[in-house]
Number of protein chains: 2
Amino acid sequence: MERITARYYIETPYDLEKAAAVLAGEQSSGTFVAVPGETEELKQRFAARVESITHLETVTEPAIPGAVSAKGQYHRASIEVSWSIENFGYNLPTMVSTLQGNLYEITQFTGLKLMDLEVPASFADHFKGPRFGIEGCRKLTGVEGRPLIGTIIKPSIGMTPQQTAELVKTLAEAGIDFIKDDELLSSSANSPFEERVDAVMRVVNDHADKTGKKVMYAFNVSDEIDSMLRRYDKVVAAGGTCAMVSLNSVGLAGAKKVCDQGQLAIHGHRNGWGMLNRHPLLGIEFPAYQKLWRLAGVDQIHVNGIQNKFWESDDSVVRSIEACLKPMLGGYSVLPVVSSGQWGGQAPETYRRTQTTDLLYMAGGGIMAHPNGPTGGVVALRQAWEAAVKGLSVEEAAAEYPEFAKSVEKFGSK
Amino acid sequence: MERITARYYIETPYDLEKAAAVLAGEQSSGTFVAVPGETEELKQRFAARVESITHLETVTEPAIPGAVSAKGQYHRASIEVSWSIENFGYNLPTMVSTLQGNLYEITQFTGLKLMDLEVPASFADHFKGPRFGIEGCRKLTGVEGRPLIGTIIKPSIGMTPQQTAELVKTLAEAGIDFIKDDELLSSSANSPFEERVDAVMRVVNDHADKTGKKVMYAFNVSDEIDSMLRRYDKVVAAGGTCAMVSLNSVGLAGAKKVCDQGQLAIHGHRNGWGMLNRHPLLGIEFPAYQKLWRLAGVDQIHVNGIQNKFWESDDSVVRSIEACLKPMLGGYSVLPVVSSGQWGGQAPETYRRTQTTDLLYMAGGGIMAHPNGPTGGVVALRQAWEAAVKGLSVEEAAAEYPEFAKSVEKFGSK
């Protein structure tokens, strides 16, 4: 029978075998005393199985509160645990409850993080996955051979639909590929969702009629289910190509329902991610996280950026991009969204470390505050990526490309 | 204009005022450089406002990775931040993205936890909240003046619908008020959801016909939206009174859609909660968390239990029960579900510290593995609560109640 496997990074003051067995027990048939009806046959069929335990190191201080070691020793290990597909079938929320449920409460652990997960081939028959993915998003925007260049409407909140549309016009004329609402803006007092869609799509459609290039605008549909579906239909009716969902805030069932509509590329925003990941020994790592959303059907997912304004290390960002670009069950293509403090100066390093242009590269201030205006900002970003693919350094690129040189002058010291 | 207020526990190596201002900026109009269009008027209307900062202590080691202090000083404080209702209206996912979004990524913080939140009175016009709550769940089960006594079907996974129904029959005859699926079981290979509903409800309805008492069975409907609604309808059609949702795994939009159906009491399981809460300076505290789910309409929510088998302290459990029992906007009644390692011995302490019987008190092994069988287990739990309300200690209760005395013998050393 097919099995789902999860890999955890754990810390425990107990014997590693015993601690792993507690996790497997809790997540398949756990209670604190043996109960009638728990037969050997049932255990064989439905029990979680500890597949491997690799001791990594032993430390003297626990990472998070839990059981206290009498010897002052906390053992860290990588463990693999598997469950039969018979336990929950093809049900993503119940898979999450199994792989990421009560196990975080187990006192025997002083650290527990879900690092990765593997699903069996039959998942491909049950989950359609991203309808657009990298190729689909390239087709919708007409961009080949370089990253899609995108920006976020700023200020995040407070602009009217008309002001937003004017900015979209400027950006479209500047040659932008992608624009998104901020995750803080869905429908605000001075920018009702439907009015914003009408105002923005008028500009986007006009520009497409004139130039043949349709800017992809990700409207933030995040809300309760019925509202999200109404908003989705509104975007489709207005000729839009993309909707944005705040994945953690909406949740897995809601995000999948939106993805299942299949007419718009879904931009998956991971705001709230820091809560799930920032501690090194608690929560979930991105390689596991992004697989859940690919199964749900998200076409684009945020991965932060090199030299970002947040706390995350470049190594972690690189691992996230690599995770997205690795096919899942031979497909489930998802476009990594590089964002946070980006202005083009990070392009050479991003390319050097990932060797890919299959990215949606997002800059906010890096485009809008360019000395030559947004047009200069978009040109500078394209130049940055052209230079990056040629293998030029930031300094070499600045010598060759004047608009990029101005970005370096303005943002280079940040 | 009405405002939403959030209280955070923060840690930062920076000046507290500066760090709080970064948070407020990031969560209303943040980018790393000033951009055109960001007028003073817009800022006034849509900017988040730091309402108060209370310094608590200064420590020498950061709680989580982030900015490093040159002086080796990390300041901890309680801060309050508010947003105008104009920013996102009545949209729970976007409220979550605002209160719990990218702020966890901010490098200036070496600790950040959402402690509580306050919503304005107008929320009551837009969110119906729990349809049943404490009074509704009491009416559905016919239980007054004491906690509802409940149990979980164990083993968690692997029993057939027929075996489950037989166990339900035993428990119903033993006088149980409430039974639930384990969160690991939705539809398994040997217990398809619909077959389980049919088998269990036949027993529950028969028992109700004979005795007038309908046991509340919480069927775990957790899945994607369409499946959850189909399962919900199945439970309604079979005469059931309750559905269970794994809140974190399904997510806010999905859970609200289920609650909105309004025909079943919704049992909110918080599995995965440890990931959001276990670190003292990362994530969210229960007083804030439970408010989100009450707004979504959850009727019952898990709070762990005194002397539980997990890592959580009794103090934290007591605070969670108190949070649930505090009316929100004058209502939004939610029944706290006490669970994890409970067998009745914790009843006196639970009552002493909370002074309430408005609880769903759940025991798994504590009922099923009672020396006199499940009947003895249910009787013992009712006795434990009778004794608790009388103010008896565990020892005094054991002297007065023979079934409870047997529980003490079997489970008392655990």
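Q: Which side chain of chain A meets Lys309(B) in a salt bridge?
A: This is a predicted model. Side chains of opposite charge can pair when their charged atoms come close. Here the N to O distance is 3.2 Å, and the rule asks for a side-chain nitrogen within 4 Å of a carboxyl oxygen. The partner of Lys309(B) is Glu26(A).

Q: How many salt bridges does the rule find across the interface of chain A and chain B?
A: The pair Lys309(B) and Glu26(A) joins the two chains. Polar contacts between chain A and chain B come to 42 residue pairs, both at pLDDT 80 or more. For salt bridges across this interface, the count is six.

Q: What area do chain A and chain B bury between them?
A: The contact takes 95 residues from chain A and 95 residues from chain B. Carbon and sulfur atoms carry 59% of the buried area. The area buried between the two chains is about 7800 Å².

Q: How many residues are charged on the side of chain A that touches chain B?
A: Several elements of chain A each supply at least two residues to this side, among them helix H8 (225–237), helix H10 (252–260) and strand E10 (282–284). By class, this side has 39 nonpolar and 39 polar residues. The charged residues number 17.

Q: How far apart do the C-alpha centres of domain 1 and domain 2 of chain A lie?
A: The domain assignment gives domain 1 of chain A as 3–126. Domain 2 of chain A is 133–411. Their C-alpha centres lie 35 Å apart.

Q: Which residues of domain 1 of chain A lose the most area to domain 2 of chain A?
A: The two domains bury about 1800 Å² between them, 70% of it on carbon and sulfur atoms. In contact are 25 residues of domain 1 of chain A and 19 residues of domain 2 of chain A. Three residues together make up 32% of what the domain 1 side buries. They are Leu92(A), Lys113(A) and Leu117(A).

Q: Which element gives the most to the side of domain 1 of chain A that touches domain 2 of chain A?
A: Across this interface the rule finds 11 residue pairs in polar contact, both at pLDDT 80 or more. Elements giving two or more residues to the domain 1 side include strand E1 (3–12) and strand E4 (111–118) of chain A. The top contributor gives eight residues. That element is E4(A).

Q: Which side chain meets Asp116(A) in a salt bridge?
A: Domain 1 and domain 2 of chain A share three salt bridges. For the Asp116(A) pair, the N to O distance is 3.0 Å. The partner is Lys291(A).

Q: How many residues apart are Glu312(A) and Arg270(A)?
A: Their side chains meet in a salt bridge, 3.0 Å from N to O. Glu312(A) is in the loop between strand E11 (300–304) and helix H13 (314–325) of chain A. Arg270(A) is in the loop between strand E9 (265–269) and H11 of chain A. The pair links distant parts of the chain, 42 residues apart.

Conventions
Residues numbered from 1 in each chain as written. Chains lettered and ligands numbered in written order. Heavy atoms only, no water. Contact = heavy atoms within 4.5 Å. Buried area = accessible area lost by both parts, 1.4 Å probe. Polar contact = N/O pair within 3.5 Å; in protein donor to acceptor, adjacent residues only side chain to side chain. Helix = DSSP H or I, 4+ residues; strand = E, 2+ residues; numbered from the N terminus. Nonpolar A, V, L, I, M, F, W, Y, C, P; charged D, E, K, R; others polar. Domains from an automatic or database assignment.
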